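These are my notebook entries on one model. I record what I looked up, one topic at a time.

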Amino acid sequence: MKGKLLPAFFAAGLTLLLGASVLGVQLQSQGIETVVVVHGPLTWLGLFAAAAVVFAYQLVKDRVQRVRQNARQGSRFRLPAFLENHAQRRLMIALAIGALLMFPFMAERSAVDIATLTLIYVMLGLGLNVVVGLAGLLDLGYVGFYAVGAYTYALLNSYFGFSFWEALPIAGGMTALFGYLLGFPVLRLRGDYLAIVTLGFGEIIRILLNNLTEITGGPNGIARIPEPSLFNLQFARRADEGYTSFHEFFGIAYDPTHKVIYLYILALLFALAVAYIIYRLMRMPIGRAWEALREDDIACRSLGLNPTGVKLSAFTIGASFAGIAGSIFAARQGFISPLSFTFIESAIVLAIVVLGGMGSQLGVVLAAVAMTLLPEIAREFNEYRMLLFGLIMVLMMVWRPQGLLPLKRPQMELKRG
Amino acid sequence: MEASLYFLQQVINGLTIGSTYALIAIGYTMVYGIIGMINFAHGEIYMISTYVVFIVIAGLSMLGIDSTVFLMAAALLVAVIVASAHAFAVERVAYRPVRGSKRLIALISAIGMSIFLQNYILLAQGSRDKAIASLIPGGWQFGGDGFAVNLSYMQVIIFAVTLLSMTVLALFISRSRLGRACRACSQDRGMANLLGINTDLIISMTFVIGAALAAVAGLLLGMYYGVVNPYIGFLAGLKAFTAAVLGGIGSIPGAVLGGLILGVAEALTGAYLSTEYNDVVSFGLLILILLFRPWGILGKPEVEKI
């Protein structure tokens, strides 16, 4: 006990110092003067309480850890049994897809709109999951590819009149090209460099979009991006010259909800397609190679895999999914500006992947839903959103680096002892 | 003549900023040298120390103290202590528990910490710019009829303090017992541990030294610009990391050289192209150096041992 007192006092003092220096006092501008305001007794009481908690925890730390270790051996979080069975799982997935398809016809318009945004984040999460979760490459500039996809559609439309369906493959290809060109020099190096270079890339894209005012409209962005059409049927009240509008074709009254529902279904289909493609890729040699390379670089090389090529393929594929998500985002918003593509977006998508469990698709989907719906449900939570995301990343890495719903593979374990 | 004076002015400005990049870059390069990870939160430590400097100076001014030397000394002392405490706590909370795991995990933890710290300060101190008046105004002017080169006292102080800190650090690393332990750790941590060096302590100390230098940079840049907001750490951290890679990550003289080169490159871009493209040029430089000389100007190529 005595040996613990000193470290405990030290930790408590450290807590107090950290808290007092940032939370206890505040810089405020009063006119042209900047003054320091010392917060009231309540704040200081809180700080002392925090220090006391740290002090107490330091004293009983060993015991807590022992208890946790014992608990860990007993219970482990598992998927419900019905998801383990193959046929039942298929049924569940089919039911879920059916429910998702029914959803927009029953929910309110605003709910459908938010669901579309959630699906875009699901797509981004799944795409980044390939890069971070499967291939183990930390991409901090994922939003850069998202921006390239969105602007490709917006620019092709406003300059050359490309429709959504014409621009989509180009946007996907364009982002893949960006991913390839960026990844090529960097992926030969150690992983850390990739993190910082992609971070820089995301910033460069945003700065360029902001400053190439003649082309991209700068901070004003690009407005009036048309929504996609359904086999040339347009969703506007009045269709363009030579086109038919959706409600005229079916002889129903014009309703702006049609467009919202159509965008939702489109996003859903794309999200499902992305999920399926990745699901298949994971079971192909290339997907196995991603994971193998993540686990052991040297073993892979000695088995004849080309690390740069394998990493590059993951990076490029992940980028192209972001591009497709970006195009859908541009179509949904109808307006894009560089403000939608800040580093915060990259951080949110990364938090989704980390929380969901790196490599696990179901986990990523659930995390994306949670992360986008939570701020919508609790508005006051919005202020603390990024703080929590940062905290989640650290805590997940410390406690459960494999995520809440880790990827499970058929495996056998040697019996020990 | 005028053109060359203008050029000289840009070089002076660039070296000023560059030397503070170098101060921050030391933190990256030392941590990388010892535990081989990028401490993303380092830029935020610099930002926090700038806030502390502002709080101390504004607070003491309110109490009626106006001796410049005393204000700066007090600000420096408090900033170094608080920044070191933050870095120490960050290492304990976010890095030590994941030290044995894979590199990706430590990286994500670090980026999470950086996001956390930035938003923590944002919530505690507000997002608006806070400004304080310059303590050391004025400077020298020399040169021609059309264009005069300005060298402010603050710029001279920045050079001098940076030079002094670097000399002290170099002496500490090369002469002292702890410095020797530091070098031993960066060569082979396991072996150093076997030989009785408390590697945990050395790693903590590395973080503290990096934070102390970041606090020095916080004081100097805070006085130079006179403005602080919660977002300055992100970009400054990126720039300093670029400087560290440019000079050769893991090498302390490399960090200094990289910082100076980056500062001058940015000042010249700002002068002859547009300040908007400052960041583009520095990241472009980073990608180019990684493409052609990934071990940097003064670093040694990394040999991977199996």
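Entry one, the core. In this predicted model I looked up the largest nonpolar core, which has 202 residues. A nonpolar core is a set of buried Ala, Val, Leu, Ile, Met, Phe, Trp, Tyr and Cys residues joined through C-beta atoms within 7 Å. I call a residue buried if 20 or more other C-beta atoms, placed from the backbone, lie within 10 Å of its own. A:Met123, A:Ile352, B:Ala79 and B:Ala83 have the most contacts inside this core. Helix α8 (residues 199-225) of chain B gives the most to the core, with 16 residues; helices here are DSSP runs (H or I) of at least four residues. Domain 1 (1-25 + 42-62) and domain 2 (90-399) of chain A both contribute residues, so the core lies between them. The domain bounds come from an automatic or database assignment.

Entry two, the domains. I noted that the C-alpha centres of domain 1 and domain 2 of chain A lie 43 Å apart.

I listed the contacts of B:Ala79 (C-beta atoms, placed from the backbone, within 7 Å). Leaving out residues up to four places away in sequence, B:Ala79 touches B:Ser49, B:Val52, B:Val53, B:Ala215, B:Gly218 and B:Leu219.

I found 46 residues from chain A and 50 residues from chain B in the contact. On the side of chain A, α7(A) gives the most, with 13 residues.

Residues are numbered from 1 along each chain as its sequence is written, and chains are lettered from A and ligands numbered from 1 in the order in which they are written. Because the model is predicted, local features need pLDDT of at least 70 and side-chain atom pairs count only at pLDDT 80 or more, while totals for chains, interfaces and linings use all residues.

How values were computed:
Buried ≥ 20, exposed ≤ 12 C-beta atoms within 10 Å, placed from the backbone. Helix = DSSP H or I, 4+ residues; strand = E, 2+ residues; numbered from the N terminus. Contact = placed C-beta atoms within 7 Å.
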